[in-house]
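Reader: Hi, I'm new to this one. Can you put it up and walk me through it?

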Amino acid sequence: MAYSTTLSSSFFLLFLIGLLLSVSILAREPFACDPKDATTKALPFCQVSLPIRERVKDLIGRLTLKEKVGLLVDNAGAVPRLGIKGYEWWSEALHGVSNVGPGTKFGGDFPGATSFPQVITTAASFNATLWEAIGRVVSDEARAMYNGGVAGLTYWSPNVNIFRDPRWGRGQETPGEDPVLAGNYAASYVKGLQGNDGERLKVAASCKHFTAYDLDNWNGVDRFHFNAQVSKQDIEDTFDVPFRMCVKDGKVASVMCSYNQVNGIPTCADPKILKNTIRGQWRLNGYIVSDCDSVGVYYDTQHYTSTPEEAAADAIKAGLDLDCGPFLGVHTENAVQRGLVSEADVNNALVNTITIQMRLGMFDGEPSAQPYGNLGPKDVCTPAHQELALEAARQGIVLLKNQGPSLPLSHLRHRTIAVIGPNSDVTVTMIGNYAGVACGYTTPLQGIGRYAKTIHQQGCKDVACGDDQSFGAAIDASRQADATVLVVGLDQSIEAEARDRAGLLLPGLQQELVSKVAQASKGPTILVLMSGGPIDVSFAKNDPRIVAILWAGYPGQAGGTAIADVLFGTTNPGGKLPMTWYPQEYIANLPMTNMAMRSSPSKGYPGRTYRFYKGPVVYPFGHGISYTNFVHTVASAPPVVGVPLDGRRRFGNVTVSGKAIRVTHAKCKGLSLGIQVDVKNIGSKDGSHTLLVYSKPPAGYWVPHKQLVAFEKVHVPAGTQQRVGINIHVCKFLSVVDRSGIRRIPMGEHSIHIADIKHSVSLQAATLGVIKS
């Protein structure tokens with residue numbers, strides 16, 4: 001989220017005024033319904049014993065149109081006569097409580113909050129239990145800050161867009177390129193944030209940015225002007241999957257629509273995707289919010305409507321409930337007066353937002369008397385929270401190469417370590433974007449220094465690495481040490497919101513620095529990469545002098561400790577890449593603006609992500625090695641699974657490659673493929689292992705090469721064996737999407753791949769209908 005730089009000056013001035021006002025109207029105690037306020041405590045909307053639906057209806061019925069319009073924006077206005085103070089909806093919690101939005105302020109009793117690894121790093125753990133645990137910690141700290149009057153309860157996180165193109169500057173915020181991985185992450189993190197207390201919410205999460213949003217600023221095209229041309233097949237098969245799982249499995253309280261248009265319609269003005277899909281098909285129990293200033297963008301920048309009143313009306317009628325920005329607050333009243341939108345439509349929007357506030361307890365009086373009311377400064381940056389941030393960093397580090405093996409380093413043989421590179425002693429770089437103020441930092445240099453004597457040289461003054469003036473000192477350091485660790489990569493100056501990458505190579509002269517240091521190093525040379533996106537490090541992969549490569553992503557406040565723990569073997573790495581690492585040549589003649597996922601050999605189009613791209617890679621999706629070795633055996637799995645049809649329907653469906661049943665025509669409830677897998681650790685070190693389970697469906701033009709259908713994390717001590725149960729929901733994960741955007745279950749042989757083993761299972765219709773469609 002960011003504000004458009006293309007707004008008219010008057011509109012932008014209104015926006016700035018709203019932003020400044022919002023600083024003074026953070027959620028305070030109590031939000032509303034103060035029991036000491038005799039004028040409101042007896043009103044029905046303040047009666048906690050009444051159903052929330054009745055309370056919301058009562059409150060809205062007491063508001064004037066002007067007051068209602070004042071509640072349609074993120075810096076929602078106060079209604080003093082009803083005891084309602086202003087509220088800032090915009091807070092962020094991507095990987096820790098953030099100060100990016102105006103709803104959260106650090107200082108005083110809350111100088112910082114636990115800063116977990118950036119999402120792309122945490123996703124590499126493939127550990128849904130960890131993701132939910134992080135969400136619980138973040139919401140503890142958010143509630144504590146709310147109770148202290150310095151934060152809200154509505155957080156516009158997580159970002160679950162697909163990491164479609166390796167150049168995308170915001171790919172670091174996402175769980176990666178696979179829709180099932182992203183959807184599982186979304187549901188798990190949201191459950192952690194929102195809690196499990198029925199209708200009551202601990203905080204309200206929001207999955208963003210809906211939909212097909214994955215371009216910021218590339219080659220003269222920015223997100224404010226971009227019209228994403230997307231097929232029905234790719235919408236259903238890829239882009240919408242994480243959002244559907246977030247809403248249906250995670251029960252998220254909110255979805256955020258994006259800046260871009262999809263097939264000519266701004267997402268925040270499209271009733272087909274807001275009203276019909278999110279609220280209709282997926283049954284969102286919550287509110288839909290615009291990305292910040294999206295409504296203004298499609299009026300001022302995209303010129304989608306002729307008047308601002310039409311823009312406001314289109315948004316509300318499409319199903320938008322809340323505007324991040326002032327546009328609806330400025331123009332909705334006139335839109336109602338001109339008959340472009342009804343007051344009933346405004347009421348419907350407020351039902352959705354106020355219901356969420358009620359579920360958060362914001363109309364229940366004193367926060368201290370509510371659940372979570374005891375959380376305060378003592379519950380932020382606790383030792384347990386900081387330990388979880390360290391554990392998340394450890395689990396997210398991916399060992400890409402280990403020649404020999406050369407890692408882990410030895411306490412006895414590697415007493416002096418040369419620590420070199422522009423990211424070798426960084427702090428803020430480690431927490432990526434949408435971060436807050438960390439509790440504290442341990443840099444890579446500090447982490448390694450706990451294990452060995454260090455000789456430090458940056459080699460490059462920053463990641464841009466524009467000259468080689470400091471190369472000599474770095475080379476000398478490597479000649480003196482028992483081992484050399486080069487910490488290089490990217491930061492927010494290279495990849496960020498509003499900043500897509502031009503290429504995939506290390507910036508500036510970093511590659512030259514790495515190669516020269518490796519050539520001169522007295523001992524083994526290890527390359528540690530910090531980045532959100534993939535980097536073409538083919539040179540290092542193929543250089544025998546570089547014996548090991550680690551990818552740490554942006555590992556959070558404890559990143560330096562985690563890196564050192566992996567280097568010296570205190571931690572056995574178990575992370576897997578959540579995105580494909582392509583060679584630089586992949587992006588040649590590949591516009592970021594081409595949204596097609598599937599390859600087109602006749603057009604020279606390579607396809608995107610491991611599901612549809614077949615060309616050369618530097619490292620594939622799911623790659624990651626360990627200090628031990630695991631072997632797998634299928635203990636039990638059925639050779640045939642019957643797919644019962646809905647007896648109330650009489651449909652048969654034919655695909656290019658044979659019979660395939662529409663998911664909507666199958667009895668899907670409880671229909672799963674159960675597999676038992678034995679995982680044996682045949683090495684000498686304990687380790688955690690991720691089972692990535694892929695399905696290769698029967699052949700067909702619109703079928704992926706393979707697709708992730710399940711994953712499980714298991715800890716296996718050395719020399720032991722663990723049995724892992726995997727359940728694959730047939731309708732959700734063994735289905736594919738045809739060119740019309742219809743999800744179908746192909747009948748016939750599906751090949752299930754787990755590491756180096758395969759199991760074939762035949763899906764067979766229990767009965768077939770008579771009518772062909």
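**Disulfides and cavities**

Author: Start with Cys-381 and Cys-439: they form a disulfide, with sulfur atoms 2.0 Å apart. A disulfide here is a pair of cysteine sulfur atoms within 2.5 Å. Cys-381 sits in the loop between helix H13 (343–359) and helix H14 (383–396), and Cys-439 in the loop between strand E12 (416–420) and helix H15 (444–449). The two are 58 residues apart, so the pair links distant parts of the chain. Helices (H or I, at least four residues) and strands (E, at least two) are DSSP runs, numbered from the N terminus.

Reader: What should I know about the model itself?

Author: This is a predicted model, with residues numbered from 1 along each chain as its sequence is written. Local features need pLDDT of at least 70, side-chain atom pairs count only at pLDDT 80 or more, totals for chains, interfaces and linings use all residues, and side-chain values use heavy atoms, with hydrogens and water left out.

Reader: Which hand does the disulfide of Cys-381 and Cys-439 have?

Author: Left-handed, because the torsion about the S-S bond is about -90°.

Reader: How many disulfides does the structure hold?

Author: Seven. Among them is the one of Cys-257 and Cys-268, with sulfur atoms 2.1 Å apart. Its S-S torsion is about 110°, so that disulfide is right-handed. Cys-257 is buried at 1%, and Cys-268 is buried at 1% too.

Reader: And what about Cys-460 and Cys-465?

Author: They form a disulfide, with sulfur atoms 2.0 Å apart. That link is left-handed, with -45° about the S-S bond. Cys-460 is buried at 2%, as is Cys-465 at 2%.

Reader: New topic. How many cavities of 30 Å³ or more?

Author: Five. A cavity is a set of points on a 1 Å grid over the protein atoms alone, where a 1.4 Å probe fits but cannot get out. Grid points are joined across faces, edges and corners, and a volume is the space filled by probe spheres set on the points. The largest cavity holds about 90 Å³.

Reader: What lines the largest cavity?

Author: Residues including Phe-31, Trp-89, Thr-353 and Phe-363. Lining residues have an atom within 4 Å of a point. H13 gives the most, with three residues.

How values were computed
Buried < 20%, exposed > 50% of the residue type's maximum accessible area, 1.4 Å probe, protein only. 1 Å grid on protein atoms, 1.4 Å probe; cavity = no way out; pocket = protein on both sides within 12 Å on 5 of 7 lines; lining within 4 Å.
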